[in-house]
Amino acid sequence: MSVIEVENLSFRYNGIDVLQDITFSARKGDYIGLVGPNGSGKTTLVKAILGIAGPFRGRVRLFGRELRDFREWSKIGYLPQSLTFFNPYFPSTVREIVSLGLLSRKKFPRVLTRADGEAIDRVLGLLNIAGIGDSPIGELSGGQKQRVLIARAVVNDPELLILDEPTTALDPDARELFFAILKRLNAERGTVMILVTHDIGSIGEHANKLLYVDRRVLFYGGFDEFCRSERMTTFFGSESQHIICHRH
Ligand code: ADP
C-alpha cells in the first residue's frame with residue numbers, strides 16, 4: 001500500500017505558481033531525498049502533504065485515505081525547518097517537550113504511562129541527550145534543541161517521518177548520529193523518510209530515491225536511474241549530476 005500518493009498537485013501563492021502538477025508516490029521502506037533550489041517549493045510541498053498549506057488543486061492521499069478524511073496523524077512525525085518557536089523563556093524541560101510526541105496518539109485523559117517514560121528514556125539515550133532530560137529547553141544550544149525536536153518526532157514510532165532541513169544546526173558528529181538513527185528506523189521498521197535538504201552532495205549516501213523539484217517534478221526515481229539518465233545529464237549538466245552521484 002502507498003503511504004503517500006500525490007496526484008497533479010498545484011499550489012498558487014499570491015497569484016504565482018509555487019507548485020505545478022506534482023505527482024509522486026511513496027511506499028513502505030522508501031527513503032526519499034527531496035531536493036531543489038532555494039524557493040523551489042519543497043517546504044510548501046511538505047506542508048501541503050501534511051494539510052497545513054492549502055487550498056491546492058490535485059489530490060493527496062495518506063495511508064490510502066484522502067487528506068481531508070485522514071485522522072491518524074500519530075503515524076506521522078514532522079520535524080519543521082524552523083526552531084524559532086523556542087523562546088529563551090519557554091518553561092518546559094527536554095523530557096516534557098519529547099513527551100508531546102507521545103501525547104498526540106492518546107485520547108483524553110492524556111496520561112503518560114511507565115512504558116511512555118521508558119520510550120522517552122530510550123529516545124533520549126539514542127540521541128545522546130539523556131543527561132539533559134531535566135534541563136529547561138530555553139537553556140540549550142541550537143544543536144541540542146534540534147536533537148530534542150528529533151527525539152520528539154521519533155518517540156512516537158511514526159510510519160512516516162518528514163524532516164525539513166533537519167541537520168542545519170547540528171555539528172558533524174551529531175549529524176552522523178542523526179543519519180544513523182534514520183537509517184535504522186528505515187531499515188528495521190520500514191519507516192518512510194522524506195528528507196528535505198539542499199545538501200545534494202551527500203543525499204545519495206542516505207536516501208534511496210531522489211525527488212528533484214523545481215516547482216515541477218524534474219526527476220523522481222532511484223539514484224541509479226538518476227545517475228545513468230542522459231536526460232538528467234542534459235538537464236543538469238554532467239558536473240551537477242556528478243555532485244549528486246559521486247557518493248552514491
Ligand atoms: P523551498 O522550501 O524549496 O525553499 P518554499 O516552499 O519555501 O521553497 O517556497 C516556494 C515559493 O513560495 C518561494 O518562491 C517563496 O517565496 C514562496 N512562499 C512560500 N511561503 C511564502 C509566504 N509565507 N509568503 C510569501 N511567499 C511564500
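An oxygen atom of the ligand sits 2.8 Å from a polar backbone atom of Gly39, and a backbone N or O atom of Ser40 is 3.1 Å from a ligand oxygen. From Lys42 it is a polar side-chain atom that comes to 2.9 Å from an oxygen of the ligand. Taken alone, the ligand exposes 560 Å², and the protein buries 57% of that; the areas come from the Shrake-Rupley method with a 1.4 Å probe.

A word on the source. This is a predicted model, where local features need pLDDT of at least 70 and side-chain atom pairs count only at pLDDT 80 or more, while totals for chains, interfaces and linings use all residues. Residues are numbered from 1 along each chain as its sequence is written, and side-chain values use heavy atoms, with hydrogens and water left out.

The residues around the ligand (a heavy atom within 4 Å of it) include Tyr13, Val18 and Pro37. Helix H1, residues 42-49, gives the largest share of this shell, three residues. Helices here are DSSP runs of H or I, at least four residues, and strands are runs of E, at least two, numbered from the N terminus.

Now two asparagines. Asn156 lies in the loop between helix H4 (142-154) and strand E7 (160-164). Asn156 is buried, at 5% relative accessibility; buried means under 20% relative accessible area, with a 1.4 Å probe and protein chains only. Its side chain reaches the backbone oxygen of Ser74 at 2.9 Å.

Asn186 belongs to helix H5, residues 172-189. Asn186 is also buried, at 12%, and its side chain reaches the backbone oxygen of Thr191 at 2.9 Å.

Conventions:
Buried means under 20% relative accessible area, exposed over 50%, partly exposed in between (1.4 Å probe, protein chains only). A polar contact is a pair of N or O atoms within 3.5 Å; within protein, one must be able to donate a hydrogen and the other to accept it, and residues adjacent in sequence count only if both atoms are side-chain atoms.
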